[in-house]
There are 2 protein chains.
Amino acid sequence: MKKLGVAILGLGVVGSGTYKILTENKEYFKTVEGLDITVESVLEINKSRIEELGIEKEKVAKNIQEVVSNRNVDVVVEVMGGVTFAKEFVLSALNSGKTVVTSNKELVAKHWSEIEKTAKKKNVGFFYEASSVGGVPVIRTLIESMQGNHITSISGIINGTTNYILTKMTDNGESYESALLEAQKLGFAEANPTADVEGFDAMYKISILSSLAFNKKVSIENIYREGITNLKEKDIKYADELGYVIKLLGIGKDKETGVEVRVHPTLVKKDSALAGVKGSFNAVKIVGDSVGEITLTGRGAGSMPTASAVVSDVIFAGKHSEFYYQPFNVEKSKEVKYVSDFTSKYFIRIESELGNKDALKIEKIFDKGVVIEKIIKEENDGKLDVIVLTNVAGEKQTLKTLEKVKALKGLTVENIIRVED
Amino acid sequence: MKKLGVAILGLGVVGSGTYKILTENKEYFKTVEGLDITVESVLEINKSRIEELGIEKEKVAKNIQEVVSNRNVDVVVEVMGGVTFAKEFVLSALNSGKTVVTSNKELVAKHWSEIEKTAKKKNVGFFYEASSVGGVPVIRTLIESMQGNHITSISGIINGTTNYILTKMTDNGESYESALLEAQKLGFAEANPTADVEGFDAMYKISILSSLAFNKKVSIENIYREGITNLKEKDIKYADELGYVIKLLGIGKDKETGVEVRVHPTLVKKDSALAGVKGSFNAVKIVGDSVGEITLTGRGAGSMPTASAVVSDVIFAGKHSEFYYQPFNVEKSKEVKYVSDFTSKYFIRIESELGNKDALKIEKIFDKGVVIEKIIKEENDGKLDVIVLTNVAGEKQTLKTLEKVKALKGLTVENIIRVED
């Protein structure tokens, strides 16, 4: 039987889950997969984690050199997070001829080219299913199941923390602040929630996913990013009146005019599949020219779902031992053309003083630039709320029109949110 | 660059789609996959199909021997359907050292063991992603993405024809007969719709899927099967009143007491993800102990979606050339234990004559055997409809109780439908 030695760098939530699955299912993997998998080495500074998992002392490495020089180690699992040490350790492992499995989306999004070149040069594998949408097998689907397709779009709910917060705001009428606090108490959001709520996490993921989908390296510098921190109860309420719910989406489109990738709060129709994806669940919709629309739904984060993806990569690496790298050419990445002015419908929420005559001019201004599909005017808390839902329009044209609206007296543009029908 | 020669047996809807994708994307596959794929041989009696696709005469084989003795052919794609010739041809290809890709669910479900043994013996691959749920990559997900899980259940909408018919009956209030006719006109149902509407197609698929999920060969003889031909408008109507829609589900569960696999019309909650899967779309829900719940949605049939799955297998075979077979041991299949008496909630529709005093006894009979969760009595078209929704109960106990109800005078048990909450 084929033996497979594994090293785990970092025993946090994902690392512990990976250790548990690999050790508790050793006999099962022998029978079902024909692989005798052993965790040969771990690297972790926090001793209590090592004790909790009951790992033998001789398996605890002192440093990365000890791990990568261990002849029994075939696959190095990097689940530490962060970029500085992770990058150094991953490159060190690849250069030592070890195949690497990682859950580190920031690392992949930022240093993919360098890592891929090293893996190619050393003829070893680099796997990262766990880096995007945790337990949902979207990366393997893109690489191994949709080859007969030109993929034109990939989009969805790819951050569980923000989806949890938005679900609470939508279903229970909570404020952003109160929903965030609850998410933090339950462990769905970190003490410093910036990476999630400002859309960085989703940006790394959609960078990876759209690169694979379109066979072009989509760099994070070219992704429009906006988080959910500016969303108010009124946005949720008026979106609801118009038949929509608000979700943070990652959106990637491959158009004739170029690649368009963005992360922002988005109005989606109430009866759409994405609207039904609640709490910490994620969902990714992929559109290919042969297969049409495929949607994958599941838990995008958490210890065991992410560890499940890590283990699937470890076993895939063990069974398919040939050279394995990403199916797009890194060198070609420089030539990617990006859409500079995307189009969308827009939801615009304006607050005006009651009786403000300038508010009557809003529609006139829009008339000259952007077609209004629907408008709501409602007196609320001594203010006049003006909600504009536009037809499809260019981003630049819309923002230009809004500048003119902002110049009117006695009103403020409170929010502008994009709409995907 | 690695060359890959392909033969296609059968140029019907799936075969034509496969031919088109492989030939039209030849350069794309070279760039992206690093494979130079050529269709070297086709086998098809209908000459007009060959002409329509513009296939060169020298590539048209006279018989299967010519195909399998062609040294340029590495992968044989069987997309003829049926079992007799398909089985002979597939075994012949495997025995000649060719890897086989098939979309033939009946063939896989019925002759898997023999095919797998032959593939193992000759050390070639046998791939069948397209056999179950067309373009939705559920087989690759089970084999390559969920290895770190013990899967406890796999279930879903796995037949597009019946889902199209049921959607029409539910959303438009059509009768079964009228919805079937419409499906036939649009090409969603065949002239002889038996395989779809009586649940055979779904049975083959759930046999394959639950075998892979549970690592045990689930034979079709042990699958409870019931089609949708007995469903009436009243079933849809009362299910709706109780908060449910009716879907034809394939259900596989791996329990401590054994494996339980069945295909039948099922009441699912209106707000469930499955209820939202409409028309010819399919959806499969998989539950694993690490990852939790994953749902895959997409087109389960049709020329291009199924061809997309065939092509993904051809390319997978070309890139991962090592020996490849199913991850369960055929010999162990004999030991599979099946659940003989499953449990479920039940929806029971009874029609009684108005003023029939025996109808009052229905509840008393249930009281002695099966707990009623809800009962509806409604006068309708000069009849009294009695709808019973039970608590979870054993199948045998429920059927025994119903026998007693049937013995009452002046009423008929019109339908009994299982419920999955």
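Two strands pair, in what I'll be saying, if DSSP finds at least two bridges between them. Helices (H or I, at least four residues) and strands (E, at least two) are DSSP runs, numbered from the N terminus.

Hello everyone, and a few ground rules before the tour. This is a predicted model, in which local features need pLDDT of at least 70 and side-chain atom pairs count only at pLDDT 80 or more, while totals for chains, interfaces and linings use all residues. Residues are numbered from 1 along each chain as its sequence is written, chains are lettered from A and ligands numbered from 1 in the order in which they are written, and side-chain values use heavy atoms, with hydrogens and water left out.

Let's begin with the sheet in chain A. Five strands make up an open sheet there, ordered β2-β1-β3-β4-β5, with parallel pairing. At the edges stand β2 (35–43) and β5 (126–127) of chain A, each with a single partner strand, so one side of each has no neighbour in the sheet. How many bridges join β4 to β5 in chain A? Two bridges do, between β4(A), residues 99–102, and β5(A), and these strands run parallel. Look at A:Val100 and you'll find that its bridge partner in β5(A) is A:Phe126.

Now over to chain B. Here too, five strands form an open sheet in the order β2-β1-β3-β4-β5, and the pairing is parallel. The edge strands of chain B are β2 (35–43) and β5 (126–127), each pairing on one side only. Further in, β3 (residues 75–78) and β4 (residues 99–102) of chain B run parallel and are joined by four bridges. Opposite B:Val77 you'll see B:Val101 in β4(B).

Next, how do the chains relate?

Strand β11 (residues 292–299) of chain A and β11(B) run antiparallel, joined by three bridges. Within that pairing, A:Leu296 stands opposite B:Leu296.

Taking contact to mean heavy atoms within 4.5 Å, 41 residues from chain A and 41 residues from chain B take part. Of the interface residues of chain B, 100% are also interface residues in chain A, so the copies meet through the same surface. The buried area (the accessible area, 1.4 Å probe, that two parts lose on being put together, summed over both) is about 3600 Å² between the two chains, and carbon and sulfur atoms give 51% of that. On the chain B side, the elements giving two or more residues are α2 (26–33), α7 (138–145), β11 (292–299) and α13 (303–319). The largest share, eight residues, comes from α13(B).

What about salt bridges, meaning a side-chain nitrogen of Lys or Arg within 4 Å of a carboxyl oxygen of Asp or Glu? One to look at is A:Glu33 with A:Lys319, whose closest N and O atoms are 3.0 Å apart. A:Glu33 sits in α2(A), residues 26–33, and A:Lys319 in α13(A), residues 303–319, so the pair ties together parts that are 286 residues apart in sequence.

Most residues other than glycine have a negative phi. A:Asn215, though not a glycine, has a positive phi of about 55 degrees; you'll find A:Asn215 in the loop between α11 (200–214) and β7 (224–225) of chain A. B:Asp381, also not a glycine, has a positive phi of about 50 degrees, and B:Asp381 lies in the loop between β13 (372–380) and β14 (383–390) of chain B.
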